[in-house]
Amino acid sequence: MNSWINLNALWKIVVVGLLTGAGLPALFAIGLRLLSPPAPSGGAAAGRSAAGPVGYALAGLCFAVVLAAIGWGISVIVNHS
């Protein structure tokens with residue numbers, strides 16, 4: 001084992017990188033998908049259904065989590081200077 005590599009810090013960086021690099025965009029995409037549900041099969045493309053109240057609530061929750069993570073990241077960066 002190399003003494004230059006801190007494995008404890010390395011796995012933390014990998015986990016946070018995966019969560020913020022892949023998790024937040026995926027959560028944002030889920031929120032967008034909840035706002036625009038798929039059209040019923042066999043129906044006209046112009047007759048797309050709107051998101052219901054549950055879809056709006058879940059999409060808002062997804063966007064709130066993404067915004068909270070962005071705010072937390074900015075506050076961590078600003079406070080460590």
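Predicted model: local features only at pLDDT ≥ 70, side-chain atom pairs only at ≥ 80, totals over all residues.
1. Of the 81 residues of the protein chain, 10% count as buried. Among contacts between residues at least 6 apart in sequence, 57% join residues that are at least 24 apart.

2. Helix 1 covers residues 7-35 and helix 2 covers residues 53-79, and their axes come within 8 Å of each other while crossing at roughly 155°. That angle makes helix 1 roughly antiparallel to helix 2, because angles over 145 degrees count as roughly antiparallel. The crossing of helix 1 and helix 2 is left-handed.

3. Which residues bring helix 1 and helix 2 into contact? On the side of helix 1 they are Leu24, Leu27, Phe28, Ile30, Gly31, Leu32, Leu34 and Leu35, and on the side of helix 2 they are Gly55, Tyr56, Leu58, Ala59, Cys62, Phe63, Val65, Val66 and Ala69. Sorted by class, this contact of helix 1 with helix 2 has 15 nonpolar residues, two polar residues and no charged residues.

4. The structure holds one aromatic pair, and Phe28 and Phe63 are the residues that form it, with their rings 5.2 Å apart centre to centre and 50° between the planes, an arrangement described as tilted. Since Phe28 lies in helix 1 and Phe63 in helix 2, the pair ties together parts that are 35 residues apart in sequence. Both residues are also listed where helix 1 meets helix 2. Phe28 is partly exposed, with a relative accessible area of 39%, a value that falls between the limits of 20% for buried and 50% for exposed.

5. Ala69 is found in helix 2 and is among the residues of that helix that meet helix 1. Is Ala69 buried or partly exposed? Ala69 is partly exposed, because its relative accessible area is 25%, whereas buried means under 20%.

Notes
Residues numbered from 1 in each chain as written. Heavy atoms only, no water. Axes fitted to C-alpha atoms, helices over the stretch in contact; angles between N-to-C directions. Helix = DSSP H or I, 4+ residues; strand = E, 2+ residues; numbered from the N terminus. Parallel < 35°, antiparallel > 145°, perpendicular 65-115°, else oblique. Left-handed = near helix turned anticlockwise from the far one by under 90°. Contact = heavy atoms within 4.5 Å. Nonpolar A, V, L, I, M, F, W, Y, C, P; charged D, E, K, R; others polar. Phe/Tyr/Trp six-rings, centres within 6.5 Å; stacked < 30°, edge-to-face > 60°. Buried < 20%, exposed > 50% of the residue type's maximum accessible area, 1.4 Å probe, protein only.
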